[in-house]
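Trainee: Please walk me through reading this chain. Start with the overall shape, then go to a single residue.

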Amino acid sequence: MATYSSGDRFDSGIRYDQAPAATIKRVMSKPKLELKQKTDAELLGFARAHHTAMNGNANFPAPLPAAAAFLVIVDDFDAAVTEADTKDKAAQAAFSAKDAQRELLEVALTQRANSVEITSSGDETKILSAGFSTRSQPAPIGAMTQPQNLRATMGTMTGVINVQWNSVKGAKSYILDCRTHGATPGPWSQAKILTTTKFALTGLTPGQEYSFRVRAVGSAGEGPWSDEAVKMAPA
């Protein structure tokens, strides 16, 4: 025969057809610190406020560290912060003084260099003998290279195509050509002479395909044409 035992005594006041009352667990609170987020001043103020709150607090008769030891730590930190601030201000003043003296020295060296340049009449040997090096002469750019990555995209308005390409070293300007594209391409015509590497062509025939090419112009003359880019003008 099965037996029934709930662990309750017959004199506990609980009926056998009544469930035991649910046990409510108490949520344990924890102190909030966030110490790493505090500045030195905030940390010091926080520590002193805590020390004041704990002084004579009957809830915590024996804190760790003890009150006297904790106060020594707080005071030592306060003194260290004060000393660091004093040294930081002194260091800032020293760096400002150093920068001012550096500026004076740079001015003096510039004056000396100008004097050496004039007196030496540009003689490199004489300039080197003064403890100065000489500036390297700029090398000529030479012939222009072919512009790379020419691309054409439809504009946001009817009959507009945007073209752009990579810059060419030493280029003073660019010549952009355009023609109709198809089974029988039209003749090339100059669209624009530019000093930038992009341009928006307007007034093109909607639905018509166009070819584009570009070349760089430098001190040595015109460079080779780029590869062609083709795009239809938006309707």
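**Reading the chain**

Mentor: The chain has a radius of gyration of 42 Å, but a compact globule of 235 residues would have one near 18 Å. The radius is taken over C-alpha atoms, and the globule rule is 2.2 Å times the number of residues to the power 0.38. Along its principal axes the C-alpha trace spans about 115 × 80 × 35 Å.

Trainee: What are the ground rules for this model?

Mentor: This is a predicted model: local features need pLDDT of at least 70, side-chain atom pairs count only at pLDDT 80 or more, and totals for chains, interfaces and linings use all residues. Residues are numbered from 1 along each chain as its sequence is written, and side-chain values use heavy atoms, leaving out hydrogens and water.

Trainee: In what order do the elements of the chain run?

Mentor: Helices (H or I, at least four residues) and strands (E, at least two) are DSSP runs, numbered from the N terminus. Here the order is α-α-α-β-β-β-β-β-β-β-β. That comes to 3 helices and 8 strands.

Trainee: How many of the 235 residues are buried, as a percentage?

Mentor: Buried means under 20% relative accessible area, exposed over 50%, partly exposed in between (1.4 Å probe, protein chains only). Buried residues make up 19% of the chain.

Trainee: Is Asp177 buried or exposed?

Mentor: Asp177 lies in strand E3, residues 173–180. Asp177 counts as buried because its relative accessible area is 7%. Contact means heavy atoms within 4.5 Å. Beyond its neighbours within four places in sequence, Asp177 contacts residues including Trp188, Arg213 and Trp225.
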